[in-house]
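Subject: Structure for you to look at

Hello,

Here is the structure I said I would pass on. My notes follow below it.

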Amino acid sequence: MSTLSFWGAAGTVTGSKYLVETDRARVLIDCGLFQGLRELRERNWQPPSFNAAAVNAVIITHAHIDHTGYLPRFVSHGFRGPVYCSRGTADLMRILLPDSARLQEEEADYRNRHQIAKHLPALPLYTEQDANAALQLLQVVPNNGQQIPITNGITAEFRSAGHILGSSQVLVRLENASVLFSGDLGKYDTPIILDPAPPPACDYLVVESTYGNRLHDVERPKEALERIIKEAAARNSVVLVPAFAVGRAQELLYLIRELEDENKIPVLPVIVDSPMAAAATRAYAGRKEEQDEDYVNALKTNPTPLRTHSMTTASSRDDSKRLNSLQGARVIISASGMMNGGRVLHHALRVLPDENAIVVFVGYQAAGTLGRRVSDGEKQVKVLGQWIPVRCQIEKIGGFSAHVDWKEEIRWLEGMPSAPKRVFITHGEPDAANAMAEHIRERFGWTVEVPQYGERFELI
């Protein structure tokens, strides 16, 4: 008997973990970190709900931490099998996992030095050494639909999901059934990377629902950036953009550079205060097989389309601290995108109370994160143990999302060659997941489930 169970991204957008079990093998699809609400984050510290040492292999759909960030912890609990992913995903994981570990170690050190942890000493969830141990298990596979042997009686096919560099939708074939995991599906016609590939036929489908209950903003991201940067220049304002270091930071740089080339905005200093974002930008530039036609055309006239005209990077913590003394209109792009860790928190301490400053949200803000509280309009928030007022101007550019909205997801599903036996809706907060389920029922008449955490289904 084969089963599929859900140990993350069920009732939430984070912590993706799906366990496929047969009589001969166990394979985990994604190994993500829970983020946001405390009760979710506490799961990261608990032992896995299944024996890590008994899992034969892990398959990774893409490199974002909510899909990969638990892997070092999983290895420390005894997992020793191969970890299969695309080349672009491997490139990014080699950047993201050590960076995630460093950020955790830095935050634990900060809390210990300032004695603001509830339990002293504060400890990181894992160390950079743990992250490097996990990276030794990576096995790179092509992202072109080729069938790859995974373990006893299980194969997988990886195809582009159009979300970030290397992102994959993965068709897992068992001896008696096939399951397609959408991963995170990217929007159509976005800069830099290719669109999502059409879905292959499958018996069962696991599909995301991040924006299952809403559509993206009508205002185009490029137009919104133009408006905000012009306003910042006129007001001599600092613009703080909490941005995911992978995907969003590169898209921001690409569009700002385009606006500068077109003389639609003044050239302002743009500071990328995220070593991870700087490294990811180099990885994006190096993976030509995943670049879309517009990016390839941009390369013909500009060898560095991911650099603005006045761009610097803050490599060290000292570089980041020196940004505090800068004056005048400027754009700071800093991770993390949900303001739930990283250097952006130190900028938030100074920018959020500043009435002349502008904070721009360019991605999804999960429940329980600082970014969600600020974007929802809370007037006072806690940052690194300190309560601070929020007086700055808040802007949201919904069109920047690297996720399909519900209509775009329906468009992707319309390419499926035949109806699956059952669809499982994941990677969405409850309202979004339930709404996406209803959209699919109405459009296709398929059998749709919204799994709960720990729920198990037979695959027959």
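Strand S1 (residues 2–6) pairs with strand S2 (residues 18–21) in the antiparallel sense over four bridges. Leu 4 has Val 20 as its bridge partner in S2. Strands here are DSSP runs of E, at least two residues, and helices are runs of H or I, at least four residues, both numbered from the N terminus. Two strands pair if DSSP finds at least two bridges between them.

This is a predicted model, where local features need pLDDT of at least 70, side-chain atom pairs count only at pLDDT 80 or more, and totals for chains, interfaces and linings use all residues. Residues are numbered from 1 along each chain as its sequence is written, and side-chain values use heavy atoms, with hydrogens and water left out.

S1 and S2 belong to an open sheet of seven strands, in the order S6-S5-S4-S3-S2-S1-S22, with mixed pairing. Its edge strands are S6 and S22 (456–459), each of which pairs on one side only.

Strand S4 (residues 57–59) pairs with S5 in the parallel sense over two bridges, and Val 58 has Val 83 as its partner in S5. S5 also pairs with S6 (residues 138–141), in the parallel sense over four bridges; there the partner of Tyr 84 is Gln 139 in S6.

Which way do the residues of S5 point? Val 83 and Cys 85 point one way, Tyr 84 and Ser 86 the other, and all are buried (under 20% relative accessible area, 1.4 Å probe, protein chains only). In a regular strand, side chains alternate between the two faces of the sheet.

In helix H13 (residues 406–413), the buried residues are Glu 408, Glu 409, Ile 410, Trp 412 and Leu 413.

Regards

Key
Buried means under 20% relative accessible area, exposed over 50%, partly exposed in between (1.4 Å probe, protein chains only).
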